[in-house]
Amino acid sequence: MPILSLEYVLILFLLLVIAAALDLWFIRAWKRSRARRVRNGGKAPAAHSKADRRAMQKSPAASGTGTAVPPLANPGASGKRYRNGKFHQVEVVALKKESRKSAGKRGEKAAAPHATLSVPGKSGRLAHVDISMDLPEGESIRLTLESVGGGKALPASSIVGGAAEAKHAALPAWTPGSWGKSIGDALASFTAEIRTSGRSLFILALILYLATRLIGLAEWPIYFFTDEAVQTNFAAGFLENGFRGNDGELFPVFFENAGQYEMNLSVYVQLIPYLIFGKSVFVTRAVSVLITLLGMAAVGWILRRAFRLPMWWSGVLLLSIVPVWFLHSRTAFEPGESIAFYALFLYFYMRYREDSPWMLLPALIVGALAGYTYSPSQVMVAVTGALLLISDARYHWRHKWIALAGLGVLLFMSIPYLWFLHLHPDANRDQLAIVGSYWLNDISFLDKLKHFAGQYLNGLDPRYWFLADPPEGVHHDIIRHLMKGYGHLSLWSLPFAAVGILLCLGNIRHSRFRTVLIALLAAPTGGAVAQITISRTLVTVIPASLLIALGVSWLLALLERPEVPPQPEFLLWWKERAARAAAVWKALRESLSMRAAYSGFKDFLHGWGERAAEIAAAAPVAGRIPRVALALMLFLVLGSANMYMLWDSLANGPTWYESYELYGMQYGGQQLCAALEDYKEAHPEANLIVSSAWANGTDEIFRFFLPKDFPMRTGTVLEYIQNYIPIGEQDVFIMTSEEYGVAQASGKFSEIRIEQILNYPNGQPGFYFARLMYVPDIEELIRAEKTELSKPVEDRIVLGGEDIRVVHSRFDMGELGAGFDGNPFSLMRSQQDNPLYLEMYFPAVHRFTRVSVRVGGAPTRLTVTFHPPAGGDPAVLSAMVERASDYRDVEILPDAPVDSSHIRVEIETVGEGEPTHVHVYEIVLEAEGWKSGILAPSP
């Protein structure tokens with residue numbers, strides 16, 4: 001398959017680049033190791049701190065006022081190394097600097113002092129020479145070193161230096177076994193780099209992130225959703241239409257998708273990959289993966305530059321194994337790309353606050369890009385910016401000229417958006433209508449704030465984030481956004497996140513800690529404008545990962561022995577308290593043994609505390625584990641977790657959920673299209689009628705995978721069941737397994753000849769390729785059935801403790817109880833009625849305050865008619881939502897409570913006529929002191 005071959009070629013190229021980078025790094029480390037050994041006489045170098053270097057620069061010798069010459073071959077200096085030889089002879093010659101005037105008086109140069117020093121050494125072993133001399137100011141020395149290696153004299157090396165100078169000679173001596181020593185030195189350099197810098201582990205963490213995203217990228221997630229396909233489709237259309245969008249706009253700011261303007265950068269970044277590779281699942285998703293790599297790096301940089309964590313690279317691995325991020329970072333959905341820019345925004349802003357005020361400018365640029373990439377991010381970025389403006393107002397005023405320049409950058413980045421609003425003034429309102437936002441409902445502003453607060457708190461609910469199966473009453477996401485058995489955030493990370501929050505609260509006077517908390521608080525705001533879903537609140541993974549990394553670093557700081565550079569002060573504070581807590585018991589025992597020396601209980605307590613402080617001061621560190629050991633162990637654990645999640649998702653992910661159709665995984669785009677091409681090639685005369693009921697936006701999926709003008713049409717066999725439509729001999733129906741079952745049970749076909757079956761990942765039949773033939777009396781049969789189906793059904797149900805009579809449309813899926821069971825994914829579907837209706841008769845009058853209906857992605861209108869108990873004209877209220885790609889709630893909130901004991905609820909799929917299947921997932925009725933549901937009535 002071309003897609004697979006392209007995938008494996010790119011992965012192989014990536015692995016070759018990684019191997020080359022590792023080779024270059026190892027060679028460089030080996031050369032540095034060799035150079036240091038030459039300069040240090042074969043001994044391992046000891047790092048000099050900045051304070052040591054400053055002290056050396058301020059020493060009398062360095063200033064020229066003294067005469068001490070620093071030791072040659074200083075063990076602490078950096079430079080080239082000398083291996084496996086021995087110094088045979090060192091000749092020291094002191095040359096006195098004579099002025100021209102004194103030399104002219106004497107007529108000749110004064111004789112220079114001469115000294116020879118022989119240094120014995122064992123064959124094949126390193127010898128170390130340390131020479132320091134006191135020289136008057138203005139004098140210099142020449143040092144000649146002759147080396148013997150392997151019984152063979154090698155060329156001598158001479159250096160010349162004056163007072164306060166340290167010179168190093170590299171002798172080209174080699175003996176057998178030096179390669180083994182070089183490898184050991186390279187490994188020593190590697191461990192030293194882990195202890196002091198950590199850049200190598202950071203690079204390896206990014207490489208591991210790429211590997212766990214690119215491997216099997218086209219195979220899992222098993223769906224290729226319409227919102228992914230549309231990115232490349234729009235890029236192709238943009239190029240074909242002469243740089244115009246699908247509505248004819250030149251270089252559009254946002255592209256229109258299903259009636260809403262929401263895509264921008266996610267389309268433009270697909271242009272070059274499309275030109276090079278064409279349409280490919282792997283390439284489309286890989287582009288998004290590479291953009292998210294920027295966000296991964298930004299998390300590591302934040303922990304390094306802002307928080308000074310020695311193991312700052314761990315943030316990359318911790319974010320990489322966040323389950324909800326693991327899933328979404330392997331798709332081409334816009335939220336992942338927007339989050340990457342938001343992480344960069346936080347990084348640049350913290351740099352602006354900590355060490356480089358001019359970093360405000362790139363922070364504003366990438367923040368704007370986050371908003372242009374995904375529309376809900378606009379609210380979140382704006383809220384973050386407003387809170388940071390207030391939080392750091394003094395700092396902004398102190399750097400007011402830079403802040404003024406930032407305002408100019410912000411205005412410049414706003415120009416495309418302002419131009420877009422000029423061209424589409426109703427775009428934001430239409431967007432809110434499509435997602436069913438309560439902000440457009442005819443209710444008071446206070447009620448809108450109450451709804452916002454409720455949705456906002458849902459977005460911060462720990463149960464929603466950390467539990468794999470949240471309890472009833474907590475928002476549930478659809479299964480294609482979940483990894484089965486995993487919470488959105490891993491449950492084991494909850495204690496570390498809690499510690500991270502405590503650390504931020506304890507250091508809230510510092511801007512970097514406030515920024516993390518502000519990002520956490522701002523994350524749900526974009527989703528709370530309508531309804532919380534994981535795609536709208538996915539940005540929470542960035543501050544959550546930072547908090548988890550702080551919590552993990554706190555634990556490691558307690559375990560780690562003293563290292564250079566030291567842990568940041570906000571972690572050492574906890575370590576000192578831990579050391580004092582560990583000394584309490586020992587101090588108590590000693591104080592009890594000396595209790596006779598105390599004058600009273602108060603004196604005893606005072607002495608006990610002083611003794612605990614003394615013990616803690618003598619051994620202030622509780623940890624005893626070297627940093628390198630902790631770092632390698634942490635990398636191994638987190639890296640293994642990444643690899644396990646990759647294996648689990650590729651091996652078990654396809655069968656985690658076995659609902660593969662429209663309201664499940666929407667599996668089959670790539671597989672079905674390949675089967676269609678093969679079938680058409682084998683049967684060129686066939687007239688293909690392909691079901692569109694298995695996924696949202698199948699037209700975009702077919703447009704992505706099938707050649708242009710591929711001979712087929714979309715439709716469903718249900719049209720032929722509910723209406724008489726002549727079927728030709730060449731008509732081939734491609735049906736889902738559900739549609740096939742309905743066709744079999746209908747009794748309207750004398751023959752269903754199956755020619756091909758395309759299975760789901762669990763091995764069950766998924767799509768049927770079949771030829772159909774009507775029964776002889778089909779027209780009379782359908783006419784009689786329509787007459788029967790138009791008759792309503794009467795049923796009874798207990799809601800809020802009341803026995804209610806309900807007259808409703810006929811259902812072909814689900815039952816009446818599915819609409820009131822509290823499960824937002826259980827379905828009742830009308831057999832043909834559009835609108836689906838329910839006449840509800842209550843035994844008592846209620847004062848209704850809210851009616852809410854959960855529907856799918858089709859444009860839907862909700863109409864509720866309240867019949868007054870005393871007769872008269874009924875109150876009719878209506879609300880509508882436009883097409884979307886997700887579930888949403890349509891709500892009716894009367895301005896004032898409406899009294900009624902008889903209401904009619906109508907749910908209409910707009911623009912599809914009748915017969916049509918109307919899908920309803922949940923109906924909620926609320927009145928004063930009463931709420932629908934199987935539970936007891938509210939007090």
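Before you click on anything, here's a word you'll need: two residues are in contact when they have heavy atoms within 4.5 Å. Also keep in mind that you're looking at a predicted model.

**Stop one: Thr860.** Select Thr860, and you'll land in strand β17, which covers residues 860–867. Is Thr860 buried or exposed? Its relative accessible area is 5%, and buried means under 20%, so Thr860 counts as buried. Now show what surrounds Thr860. Leaving aside neighbours within four places in sequence, Thr860 is in contact with Val855, Ala879, Met880, Val881, Ile907, Glu908 and Val910. Next, bring up Ala858 too: the Thr860 side chain reaches the backbone oxygen of Ala858 at 2.9 Å.

**Stop two: Trp401.** Jump over to helix α17, residues 400–423, where you'll find Trp401. With a relative accessible area of 67%, Trp401 is exposed, because the cut-off for that label is over 50%.

Select Cys504, which is buried at 0% relative accessibility. Then try Cys673: at 1% relative accessibility, Cys673 is buried too. While you're on cysteines, how many disulfides does the model have? A disulfide is a covalent bond between the sulfur atoms of two cysteines. Counting pairs of cysteine sulfur atoms within 2.5 Å gives 0 disulfides here.

Conventions. Residues are numbered from 1 along each chain as its sequence is written. This is a predicted model: local features need pLDDT of at least 70, side-chain atom pairs count only at pLDDT 80 or more; totals for chains, interfaces and linings use all residues. Side-chain values use heavy atoms; hydrogens and water are left out. Helices (H or I, at least four residues) and strands (E, at least two) are DSSP runs, numbered from the N terminus. Buried means under 20% relative accessible area, exposed over 50%, partly exposed in between (1.4 Å probe, protein chains only). A polar contact is a pair of N or O atoms within 3.5 Å; within protein, one must be able to donate a hydrogen and the other to accept it, and residues adjacent in sequence count only if both atoms are side-chain atoms.
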